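Morning, everyone. Please look at the model first.

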Amino acid sequence: MTRRFAAVLVALGVLAFGSGSYLFAHDGHDHKVMGTVTMAMADHLVLKDTDGKDITIQVTKDTKIKAKQAMKVEEIKAGTRVVVTAVTEKDRTTAKEIQVGVSAAAAK
Amino acid sequence: MKGQRRRPIRGMPFRSASKPGKGGATQAFLRALLVLIVGVCVIGGVLAYTIVRRGLSAHAEPSRVEEILTGTMRRWATPEAIRARRNPVQTTDDVVERALQHYADHCAACHANDGSGDTEIGRGLYPRVPDMRAPETQSLSDGELFSIIEHGIRLTGMPAWGTGTPESELDSWGLVHFIRRLPTLSPHDIERIDALVPKTPAQLKEEEEIRRFLEGDSNKAAPQKAREE
């Protein structure tokens, strides 16, 4: 019986300390970045946003690409308009989804 | 008396006696009770100290032990009769379509359009909103899923959607069918759900701005941080 009580106590202890150790883990918030691509690589994207600021956005295997035709990130041509749904954590912005639009040359 | 060995008095054996009597069992019980009380006091004290010093935040990730305990408690909280129930509603295109619309209207805000739970609310709740495409959810019985939708889960963000009416039960069983389809939803289905999700005027405005920007409208678009979702 004592062993059973001890097992319950250990479980409660792990529960208490397990929760405490992660108390202040914090995730970023999603936001949209609109801009024109200046460089597209397999692992990151550089774009000029609508305020003219250069932004580098990391691309992961989970990044989804929404385009008229199936394409890879590195196939996005410079000058293409994109809207990136991104999450920023510790000065690192990662793309969750990239919506691909027309090229800047085709813009009205 | 010198050199004489002590002998146990009859009726009062030493602790090492082979068969403890009734008094021995009581002693063991009291000892266990004492260990329990001391243990609970120590853990309670440490926990209280930690909470007072550091506070509690929903940003924390539930520990594995906590996940197992809460999962077990949720199973116990679902009556066996409900757990064993099979979905009484036939799967038809109409049922699934109605459930998809229902899901978009009531569930997608927390569970995400694709059922992944990857939403602002889903990531912020404690415990996190589960990925319903994963085996942890898909392995639940029809009855368990129905019970969760109808009766909710205490101490989580999952509300009880049931109203106790046959119509409500019909909707919940329809959603059970839809949840089974989540792992194989097509991008087209997910887009349809997105189109059906209720949106605020600000969200609709932002969508319009994004559409115009992507189509090449040269008017200056929304600012970089258009909206935190």
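Start with chain B: its secondary structure is eleven helices and zero strands. Helices (H or I, at least four residues) and strands (E, at least two) are DSSP runs, numbered from the N terminus. Two notes on the source. This is a predicted model, where local features need pLDDT of at least 70, side-chain atom pairs count only at pLDDT 80 or more, and totals for chains, interfaces and linings use all residues. Residues are numbered from 1 along each chain as its sequence is written, while chains are lettered from A and ligands numbered from 1 in the order in which they are written.

Chain B has 229 residues, and 17% of them count as buried. Buried means 20 or more other C-beta atoms within 10 Å of the residue's own; exposed means 12 or fewer; partly exposed is in between; C-beta atoms are placed from the backbone.

Now helix α11 of chain B, residues 201–214. Its 14 residues, at 1.5 Å a residue, should span 20 Å. The expected span is 1.5 Å times one less than the number of residues. The end C-alpha atoms are 20 Å apart, which agrees.

Which residues of α11(B) are buried? They are Glu209(B), Ile210(B), Phe213(B) and Leu214(B). Seen down the axis, these buried residues fall within an arc of 125 degrees, so they line one face of α11(B). That arc is of the directions from the helix axis to the C-beta atoms. On the other side, Pro201(B), Leu204(B) and Glu208(B) are exposed.

After α11(B) comes Gly216(B), with a positive phi near 100 degrees.
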